[in-house]
Amino acid sequence: MTATIEPEVGKARTRKEDARLITGRTRWTDNIALPGMLHIAVLRSPFAHARINSVDVSAARGMPGVAAVYTAADLDPDGTIGMPCAWPVTPDMKHPRRPVLAADQVNFAGEGVAAVVARSAAAARDALEAIDVDYEELPVVLGLENALAEDAPLVHEELGTNRNALWVFDSAEAGTGASVQDAIDTSEVVLKRRFRQQRLVPAFMEPRSCVVDPTGPQIVMWSATQVPHILKTMAALTLGIPEHKLRVIAPDVGGGFGGKIAVHPEEGLALLIAQKLGKPVKWTETRSETMLTSHHGRDQIQDITITARRDGTLTGLKVELLADMGAYLGLVGPGIPLLGAFMFNAIYKIPAYHFACTNVFTNTTLTDAYRGAGRPEATFAIERIMDELAVELGMDPLELRERNWIKHEEFPFTTVAGLTYDSGNYEAATERAKQLFDYDGLRREQAERRDRDDPVQLGIGVSTFTEMCGLAPSRVLGSLDYGAGGWEHAAIRMLPTGKVEVITGASAHGQGHETAWSQIVADQLGVPFEDVEVIHGDTQSSPKGLDTYGSRSLVVGGIAVVKAAEKVISKARTIAAHLMECSPDDLEFGQGRFTVRGTDTSTTIQEVVFATFTAHNLPDGVEPTVDSDAVYDPENFSFPHGTHLCAAEVDTETGRVQLRSYVCVDDVGAVVNPLIVEGQVHGGLAQGIAQALFEEAVFNENGTLTTGTFADYLLPSAADLPSFTTARTETPSTSNPLGVKGVGEAGTIASTPAVVNAVVDAIRRYGIDDVEMPCSPMRVWSAVHRGRTAAGGAGAEAGGGLGSIDASGGAQ
Amino acid sequence: MRITVTVDGTQYTDEVEPRTSLVHYLRETLGKVGTVIGCDTSNCGACTVHLDGHSVKSCSVLAVQADGCEVTTIEGLARDGRLHPVQQAFHDNHALQCGFCTPGMIMQSIDLLADDPDPDEKAIREGLEGNLCRCTGYQNIVRAVRDAADHMRPGAGPAAERVVSGEAAGKVPAGGE
């Protein structure tokens, strides 16, 4: 053994996961085939709102290869099964039952009405066409403000309202700050803007799929999910399956981005049908089904009022949101806007803050988590209005930010929203970004192009963001009425030959946990990286966990791994001391070796583990194992931050936006694997830029999703995106032993306002102060040539409603 | 209908329905599940394979059209445990995260390099336009393809990994045997 081993944490290790993924040796759920397995296909409503008078499945039952056809009456005759919502945000929140199949009414286009089970997926789909449903159309509720109008038809008649909940935070009431109304009444500058967060589709590449095998002692369900542990508990609660009789496996999962944090009706269907037939069943959706029925993200109208002194000092911020829930509540849907509630104040010292969000039902696909979940919405609004305020005050947007942000020497800092940011250095990140971007040079070029009336104008957009991630301290979740905790579990098994199995409750679906956790454990135990196997995503082998979302895996799950490793060392120390006939206090542990302090007498962790395995010579009363587990509940969120700068060239003759340069300097604290971190930033940027420029889920006036395929929904390709310049500053988090902060969502949260700020900056000279997202050529051209209101303004409707881009190019 | 197709070096003869697409034949009949389905409008490219040495989206080819043809999938690239240079480059450059688009992305990249062994960034981005990835933002994929091009340059690596000509790179993806 070498005298010193280089630390694994911080190394750009290539990933262990890749070997199977680059050779096609993959275990996607849809790859699973079991003897006698039958296939499920779901008949979906073409109407967004309709009464079901009758469903005739007799012809379908007689089709070749069809084993069974089910309606709600067959699967849930009492009409009591409802998909779970784990986040009742207020005591009086309205919570309509979301059935596995619609019984007498459909509430969005795409809702399931009947299910066919057949020998092949093709036979099942064929039989769908033989089902006859008699619908009676009801008035369709679309658009947030329409839905709240006094005479609006109701999505759910029995609720008596389309209002789901009103959730309020006020700094004066909470004692965390002053009164916003006072700030509005007395400030020198009061700026009010309305922004629209269009509706997006998470669009993970692997369509959802689940396989249920009811033939063993436990029912086994494979599912393309981010949350196997939550799915198991929720499926048990929802369907009455004893929890110990259910095993859930998330095998290779092809992306999630929040879109696979859910308990889907189709998963319920598969469990119910498999039990009825006593046969394995599989359901795999088509891409169109994903687009239509898997939850969407964002979709808010944001009314923002910011107040300031003439010198640029912020005095107050008022945020009033309308958030579209869609037709039902997803697993955490109503809480998504709340995850932004504490982030609108961002990195700024704002003395007074008020946040109110009204959640609204419409006849659309439900919304829930999508990468960033609440925080991109918040960051967009504050970073957009900071640019607008800078214009109002005649200041450089970076100068205005710097005047108001928390200085690095002021940490820890308790914000007006009541969160305590543990660390950060906004000055350092901004300085680095400005250098890499050549901020001053681009400003000069911008001025030159303006002066010579260049048809291609240059815009510069800024976003200095922070986010809260590492969901989450359980007591905070409790105070927000969330239905679970925020801890994570890990276990370490020391095998007789010295190899190590690490069990984690985090459930990776592309993040690279197998690699990163191996690096952490290699350092903690002093074992080779190659000797560590990471096991996850199966409730049988990884029995405890709260899964992967909210940039929590490393900051919570990774720390649980550290805690488990510390316990392993502690147990091994006692045994090592016994073997070397010394006191445990005389031993130091480092680089995989216990050494008697001040001597060269030592033993390796592997030797201790083997001695523990044979158990021939252990101290009295010590059990023969060093295996350990730990459950870690974080004391605080972590607060990654960064400065993103975007230069956009806007062709005023065509409206085309081309990103000339994108620089981001992120501070995600200590880094376990820089290769993986950079990859996360790249992917996050792509998704955030896509919201700014490309993507939008659009419903027509009948509530039909018109962007229901990848031919209609503009997921950017390689040709649509630039290369990014990424760099990091490193201010370690002080709330966890690794100093890590989380990186999964940073790029998505930060980039959207940087891009839109750049677009608006380029064409502001034409009197433009906003372009609705996505800033398509049509919208940008309309803004330049028809003026501000023609740019779409904020419209009367939320994304996906009637205010979505229409034949007239978004013109009102 | 009866078809005979050679897939990854093995010849198969099967009865297929006329409507069966090549990707369904590969996955459901042959168990070649390394090739995946990501959409139903031939936009995503996840199902890309080589048909007689050229990339095709196997969701848009009927199995009967592949009768008498040679198909190479992601599963047929590595030989004797040795990765194809493009597979290796995807690993070395962290060009994948969830990995679902990866089989198609690799097959398309090989085809791209067969047409243009020395592509610049723009050519790579445009050559991969028909393959969607939601995880990586494409930057590392572009880097991987460029890296692979360098490794596959004549004389760049061991003889076994050399690409003799563009056409050969497509037809014999394992690298010139």
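This is a predicted model: local features need pLDDT of at least 70, side-chain atom pairs count only at pLDDT 80 or more; totals for chains, interfaces and linings use all residues.
Two strands pair if DSSP finds at least two bridges between them. In it, 40 residues of chain A are in contact with 44 residues of chain B. The points below start with that contact, then visit chain B and chain A in turn.

**Where the chains meet**

- On the side of chain A that touches chain B, at least two residues each come from α1 (18-21), α10 (287-293) and α20 (674-693) of chain A.
- Helix α20(A) gives the largest share of that side, with six residues.
- Sorted by class, the side of chain A that touches chain B holds 18 nonpolar, 17 polar and five charged residues.

**Chain B as a whole**

- Chain B has six helices and five strands.
- Following the sequence, the elements of chain B come in the pattern β-β-α-β-β-β-α-α-α-α-α.
- Of the 177 residues in chain B, 58% are buried.
- Take the contacts in chain B between residues at least 6 apart in sequence: 61% of them join residues at least 24 apart.

**Strand partners of β3(B)**

- β3(B) pairs with β4(B) in the antiparallel sense, over four bridges.
- Within that pairing, Thr48(B) has Lys57(B) of β4(B) as its bridge partner.
- β3(B) also pairs in the antiparallel sense with strand β5 (residues 70-72) of chain B, over two bridges.
- Here Leu51(B) stands opposite Val71(B) in β5(B).

**The domains of chain A**

- Chain A is assigned domain 1 (18-24 + 487-632), domain 2 (32-138 + 205-255 + 260-293) and domain 3 (297-471 + 636-791).
- Between domain 2 of chain A and domain 3 of chain A, the C-alpha centres lie 37 Å apart.
- The contact between these two takes 23 residues from domain 2 of chain A and 24 residues from domain 3 of chain A.
- The side of domain 2 of chain A that touches domain 3 of chain A divides into 15 nonpolar, six polar and two charged residues.

**A five-stranded sheet in chain A**

- Chain A has an open sheet of five strands in the order β7-β15-β14-β13-β8, with mixed pairing.
- β7 (163-170) and β8 (189-200) of chain A stand at the edges with a single partner strand each, so each has one side without a neighbour in the sheet.
- On average, neighbouring strands of this sheet are turned by 10 degrees against each other, direction ignored.
- β7(A) pairs in the antiparallel sense with strand β15 (residues 353-361) of chain A, over seven bridges.
- In that pair, Val168(A) stands opposite Ala356(A) of β15(A).
- Helix α12 (residues 375-393) of chain A lies across β8, β13 (297-308) and β14 (314-326) of chain A, and runs at about 145 degrees to β8(A).

Key
Residues are numbered from 1 along each chain as its sequence is written. Chains are lettered from A and ligands numbered from 1 in the order in which they are written. Two residues are in contact if their C-beta atoms, placed from the backbone, lie within 7 Å. Ala, Val, Leu, Ile, Met, Phe, Trp, Tyr, Cys and Pro count as nonpolar, Asp, Glu, Lys and Arg as charged, and the others, Gly among them, as polar. Domain bounds come from an automatic or database domain assignment. A residue is buried if 20 or more other C-beta atoms lie within 10 Å of its own, exposed if 12 or fewer, and partly exposed in between; C-beta atoms are placed from the backbone. Axes are lines fitted to C-alpha atoms, for helices over the stretch in contact, and angles run from 0 to 180 degrees between N-to-C directions.
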